[in-house]
Amino acid sequence: MSREKQGLHRFRDAEEPRAEAQAQVEAAKVLARQGSLDEARLLLRASTQADPGLADAWLQLAWLTQDPQERTAHLQQVLALEPGNAQALSLIHI
């Protein structure tokens, strides 16, 4: 494989964890709507491990977390990634 192709391959591989994490977030949203909250939380935690920079995963996890301190920590993570996130800003003050 040429050096150029190796470089491009590296970028494609970097996209795979993000795509997988986003798919997990979408599946977790479906599970949450169906009432499978524990399963949704597990998928969201896996998503945040696969791609810690995915603010939507942290936000969804904050919605489903029952512990107020944990919820605040998740919301702070969202705000660290997206300082102007309106949903996180509104929830962090509740």
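Colleague: Which residues make up the largest nonpolar core?

Modeller: This is a predicted model, where local features need pLDDT of at least 70, side-chain atom pairs count only at pLDDT 80 or more, and totals for chains, interfaces and linings use all residues. Residues are numbered from 1 along each chain as its sequence is written, and side-chain values use heavy atoms, without hydrogens and water. A nonpolar core is a set of buried Ala, Val, Leu, Ile, Met, Phe, Trp, Tyr and Cys residues joined through side-chain atoms within 4.5 Å, buried being under 20% relative accessible area with a 1.4 Å probe, protein chains only. The 10 residues of the largest one are Ala-21, Val-25, Ala-28, Leu-31, Ala-40, Leu-44, Leu-54, Ala-57, Leu-61 and Leu-64.

Colleague: Which element gives the largest share of this core?

Modeller: Helices here are DSSP runs (H or I, at least four residues), numbered from the N terminus. Two or more core residues come from each of α1 (3-33), α2 (37-50) and α3. The largest share, four residues, is that of α1.

Colleague: Which residues is Val-25 in contact with, leaving aside neighbours within four places in sequence?

Modeller: Contact means heavy atoms within 4.5 Å. Val-25 belongs to the largest core. Its partners are Leu-44, Ser-47, Leu-54, Asp-56, Ala-57 and Gln-60.

Colleague: How many of the 10 residues of α3 are buried?

Modeller: Helix α3 spans residues 55-64 and is mostly covered. Among its buried residues are Trp-58, Leu-59 and Gln-60.

How values were computed:
Buried < 20%, exposed > 50% of the residue type's maximum accessible area, 1.4 Å probe, protein only.
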